[in-house]
Amino acid sequence: MRQSLSLFNTLTRRVEPVAPISEGQISLYTCGPTVYNFAHIGNLRTFLFQDLLKRAFRAAGYDVRHCMNITDVEDKIIRDSQGALAAGASNEERHAAMKALTDRFTTIFLEDLDNLRIQRADHLPKATDYIPQMIRLVQDLEVKGLAYAREGSVYYRIAGLPQYGCLAHLDREGMQAGASVDADEYERDSVTDFVLWKSAKPGEPWWDSPWGHGRPGWHIECSAMGMELLGDRVDIHSGGVDLIFPHHENEIAQSEGCLGHRWVNHWVHGEFLMVEGQKMAKSLGNFFTLRDLVAKGVDPIALRYAIQSNHYRKVLNFSFEGLRAAENSLKRIRAFRKRMEGEGQTGGGPWAEALDPKARLDQARLAFGSALADDLNTPEALAAIFTLISDLNAQDDHVALTREERDAVLAFLDETDAVFAAWPHETASLDTEVEALIEARRAAKGGKNWAEADRVRDQLKALGIVLEDRKDGTTGWRRF
Ligand code: AMP
Ligand code: ZN
């Protein structure tokens, strides 16, 4: 039977079971990147959490249909792509310059996803390919009395929709109905009619529309692509918490204003990645890209693990210490996998604390699944794996697990890797790595660099290896 998964729903502010609209299927829309620059690892935290969400549903037996848009027309893109053009440049030239910038950063973004083992969405629509759908949606809202045109731009009339503010839990009293903003991003204390279609300013690329030359506002892009590709009823829609207001609130207004019924059942938001107490953001200049970290020798999968080992609804402070801890945890899991791939060597005889490996494995499987089903509790899911590792390592030291038991453990590691994507079957020999570390420790001791020697010993410990310094000066090792 398929396991039911529960997620915190921003709409109701409760953890609720996700009840699929179609049996066994989940439609998932996640707001994608604005491709004017490199994604920073704060952005990537959100995409990593959504990847885990998708994998958790797939692992639980659901067929997930995922749509992630690429925002390739927007204020910042226009700002950064048009600067080098002459004042008299044609509209075609302006579009070409915009496309050159967004194509470049779309490719880079997709490479980042691959390096982090983030599965590609089934649909990756570009906003510029859906302009007719956006125009039709705005026209429909006009017909319904929910939108009005003014000087070539079109605005949403928030007073016309009673549920406006339901997602961000806004106080309707404080809204300034009738006043309008042209900016796509604004704060909760300036809740006004928002822009759906922007009239073209000099020096901007434009499309023809019933309101003259112009371009879509950011919010209408996701409503149009989401409704076109996933339909009139969607199971889950997700983004970072900064998208709750105004972006997602406005998506609800647009889509539900047009449809006349609820569009999305579950709204799921991931918390921020912070740096020294501040949100990581391009505008604050306090960010790292994945490339910055790789240049410093960080394995992208260690970043993946560091982020996923924290609960998605908790603020996470980025640190290099956290990355190192993640590397050590990963080494421990991988060393355990290696041990299970090999044959049991020890035969310590009867052991008072002996356990039934199969029963212990069933227990871990249950704990892992239940933790994920409870609002993607990744720290608990990982704890289930680490407890299993300690218990079975101890058992294997005394009473070697049989080949069949070892294979059952390996199957469980594959199942859990389908969600975390961080400990795949590897061919590189762990023994070679251990021998290299022992050699590094020997050199450190030879140079009387005791701190370094201790550091390497700790590193080996994290791999599940204990060293035995022998009288003859050589060092042996065993797994614990
Ligand atoms: P953008 O490319 O700016 O549209 O953002 C892409 C995604 O990254 C959105 O879902 C944002 O909510 C998310 N995001 C932006 N900054 C952070 C951060 N510091 N931590 C986590 N997610 C973020
Ligand atoms: Zn969006």
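The structure holds 15 aromatic pairs, a pair being two rings of Phe, Tyr or Trp (its six-membered ring) with centres within 6.5 Å, called stacked if the planes are under 30 degrees apart, edge-to-face if over 60 and tilted for the rest. One of them joins phenylalanine 57 and tyrosine 62 edge-to-face, at 5.3 Å centre to centre and 75° between the planes. The model is a predicted one, in which local features need pLDDT of at least 70 and side-chain atom pairs count only at pLDDT 80 or more, while totals for chains, interfaces and linings use all residues. Residues are numbered from 1 along each chain as its sequence is written, chains are lettered from A and ligands numbered from 1 in the order in which they are written, and side-chain values use heavy atoms, with hydrogens and water left out.

Phenylalanine 57 is buried at 1% relative accessibility, and tyrosine 62 is buried at 9%; here buried means under 20% relative accessible area, exposed over 50% and partly exposed in between (1.4 Å probe, protein chains only). A further pair is made by phenylalanine 318 and phenylalanine 320, edge-to-face because the ring centres lie 5.3 Å apart with the planes at 75°. Of these two, phenylalanine 318 is buried at 12%, whereas phenylalanine 320 is partly exposed at 30%. Elsewhere, Phe368, Phe412, Phe420 and Trp423 come together in one aromatic cluster.

Tyrosine 62 also meets a charge: the charged end of arginine 2 sits over its ring, 5.7 Å from the centre. The criterion is NZ of Lys or CZ of Arg within 6 Å of the ring centre and within 35 degrees of the ring normal. Arginine 150 likewise lies over the face of tyrosine 155, at 5.7 Å from the ring centre.

Cysteine 31 belongs to the loop between β3 (25–30) and α1 (41–59) and histidine 247 to helix α6, so the pair ties together parts 216 residues apart in sequence. Both cysteine 31 and histidine 247 are buried. Helix α6 itself (residues 244–259) has 16 of its 16 residues buried and is therefore largely enclosed by the rest of the structure. Helices (H or I, at least four residues) and strands (E, at least two) are DSSP runs numbered from the N terminus.

Two open sheets can be described, with strands counted as paired if DSSP finds at least two bridges between them. A parallel sheet of 4 strands has the order β4-β3-β11-β12. Its edges are β4 (63–68) and β12 (264–270), each with a single partner strand, so one side of each lacks a neighbour in the sheet. Strand β11 (residues 234–240) is joined to β12 by 6 bridges, and isoleucine 236 stands opposite histidine 266 in β12. The other sheet, antiparallel and also of 4 strands, runs β5-β6-β9-β10. Within this order, 3 bridges link β9 (residues 195–199) to β10, and tryptophan 197 faces proline 216 in β10.
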